[in-house]
Amino acid sequence: MMQNKSFGKNLFLVAFSRGASLVSSVFAGFLIPKIFSVSDYGFYKVFTLYAVYTALLHFGFVDGILLKLSGKSYNELDFSEMRTYTRFFIAFETCISLLMMAICLIFLHGDYLFIAAMLAVNMVFVNATTYYQFISQAVQRFGEYSAKSLIASVAKLLFVSGLFVAFYFGKAGISYRVYLIGLNIIDFSMLAWYVFIYREITFGKAVPVRSMKKDISDIFKTGIILTMAYQVSHLVLALDRQFVNALFSTETFAVYSFAYNIVTMISTMISSASVVLLPMLKKAEPATLTKFYKKSISTVSVIAAFSLFAYFPLSPFIEWFLPNYTDSIRYISIVLPAFLFTAVITIVMFTLAKVLDMSWDFFKESCIVLLLGFITKAIAYIVFKSPQSISYASLSVMIIWFVISGSKLKSKTSVGVQHELFYLITVSAGFLAVTSILKGYVRGFFIFAVWLVLWTAVFYRHEIKRFLSAVKRKITEK
């Protein structure tokens, strides 16, 4: 009972901070393309596209720390050893950043040199902050974890609002360079905040690095597979944007990326559970893991399915507020169904794979899916030569990935995913039919609502009955 209360409290803290992040993302997601030119927005999205890959440059250290410390309390940590880890890692990331800067100066120029330089600087701030965040997550100090997210969200919201005011009164576009510089300042401030909060594991007497070489090496070895699995899975998710970035104009890439930005906003909230679950499930019994998996895939599938409703109010708003990005609506209608499958994969399946020490299996699966994705998207481009065809190829690959990951986890949990697979395919088919055939968002909303509610009742009638019975019982008890 106590564990459930702790989980509920931690989930609320993370969800609350994610809610603030969602608000900030919504404002930034709509204001940034308004104040940038389409080409500047394209350069900004190039930065965000490659910023995620800089996480690979911690070479597994932060993931190794997360796995090493998960299940422990903060007071159980050896502070002198933690100081050694902290100082080593920050110095390590700084050296990599300087090397990146030197390489950029030799091979790049113009906008791409500036973007690469900003990435090199940002990499230190973000990876070091992630190190502290993962410690917070591992020892279940979600107050600090959530506070950082809240502060960062407010800071970015104020910054974007300030740029919008300057744009509105200046009647001129704002350069993406100004935004990237401001973003780096905010990320540095967040790192400084974490250094202060965790000063006990940053400053003071530390164990010499030379006597901890084996421990540091073990952290890298433990975490590198998890990092590679995460990065390959992200590459799978970002592969269609890579294709569009390489094969189409910056303006087309900007519009296409905007569609993914909308999906990211929608996914922010429901990903909260994965942050809280890992350290909790690390201590759980096998029966608890199986129960968690069975309930989670159903819950996330239904929540993700109902999130498709966001398409209907967002689309007319985009047409009104951002007419230059109207073409993104047709991409959103395809990307959102793909999100249904990736939500379950990344939030539920990947979390359970980490708990069951199946990172290597997940990595191999992701590599197979990445190769399959590259082939299908290449064929889609060769045959149709349109970003829309690449989106459809991505949707088909996400369904295959769902099947592969579900089959692998079934061998460990005896829980199949056929039920959720058919449900998500049915919902996706209805959504694609409504958005591609029908004219008018209001009519489409109500027809899709009938379709979604009907099939949710068919697939999850027993779960709905149990839920209603539990609610009725609680009301009666009161």
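This is a predicted model: local features need pLDDT of at least 70, side-chain atom pairs count only at pLDDT 80 or more; totals for chains, interfaces and linings use all residues.
Start at Y179. Leaving aside neighbours within four places in sequence, Y179 is in contact with I32, F36, Y44, F159, V160 and L163.

Y179 belongs to the largest nonpolar core, which has 104 residues. Along with F36, Y293, F402 and F448, Y179 touches the most other members of that core. Helix α13 (residues 328–355) supplies the largest share, 19 residues. A second core is separate and holds 34 residues, including I96, M100, V139 and I219. As a general point, nonpolar side chains in soluble globular proteins tend to be buried together.

Now turn to L31. This leucine sits in helix α1 (residues 2–35). Its relative accessible area is 11%, under the 20% cut-off, so L31 counts as buried. Beyond the four places on either side in sequence, L31 is in contact with V160, F164 and F321. L163 is 132 residues away along the chain, yet the C-alpha atoms of L31 and L163 are separated by 9.0 Å.

L371, F374, I375, I379, I382, V383 and F384 form a nonpolar patch on the surface. Together they have about 740 Å² of accessible area. I382 is placed in helix α14 (residues 359–384). With 58% relative accessibility, over the 50% cut-off, I382 is therefore classed as exposed.

Next come the charged pairs. Side chains of opposite charge can pair when their charged atoms come close. The structure holds three salt bridges. In one, R177 meets D111 at 3.2 Å, N to O. R177 lies in helix α7 (residues 176–197) and D111 in helix α5 (residues 110–138), so this pair ties together parts 66 residues apart in sequence. Both ends are partly exposed: R177 at 31% and D111 at 27%.

K408 and D361 form another salt bridge, with the closest N and O atoms 3.6 Å apart. K408 is in helix α15 (residues 387–413) and D361 in helix α14, so the bridge ties together parts 47 residues apart in sequence. K408 is partly exposed, at 34%.

The pair K214 and D218 meets at 3.0 Å, N to O. Both residues lie in helix α8 (residues 213–247), four residues apart, about one turn of the helix. K214 is exposed at 61%, whereas D218 is partly exposed at 29%.

Last, the cysteines. The count of disulfides is zero. C95 is exposed, at 54% relative accessible area. C104 is buried, at 10%.

Definitions and conventions
Residues are numbered from 1 along each chain as its sequence is written. Side-chain values use heavy atoms; hydrogens and water are left out. A disulfide is a pair of cysteine sulfur atoms within 2.5 Å. Buried means under 20% relative accessible area, exposed over 50%, partly exposed in between (1.4 Å probe, protein chains only). A nonpolar core is a set of buried Ala, Val, Leu, Ile, Met, Phe, Trp, Tyr and Cys residues joined through side-chain atoms within 4.5 Å. Helices (H or I, at least four residues) and strands (E, at least two) are DSSP runs, numbered from the N terminus. Contact means heavy atoms within 4.5 Å. Patches are made of residues with over 30% relative accessible area and no salt bridge: like charges are joined within 9 Å, nonpolar side chains (Val, Leu, Ile, Met, Phe, Trp, Tyr) within 5 Å. Accessible areas come from the Shrake-Rupley method with a 1.4 Å probe; for residues, only the protein chains shown count as cover. A salt bridge is a side-chain nitrogen of Lys or Arg within 4 Å of a carboxyl oxygen of Asp or Glu.
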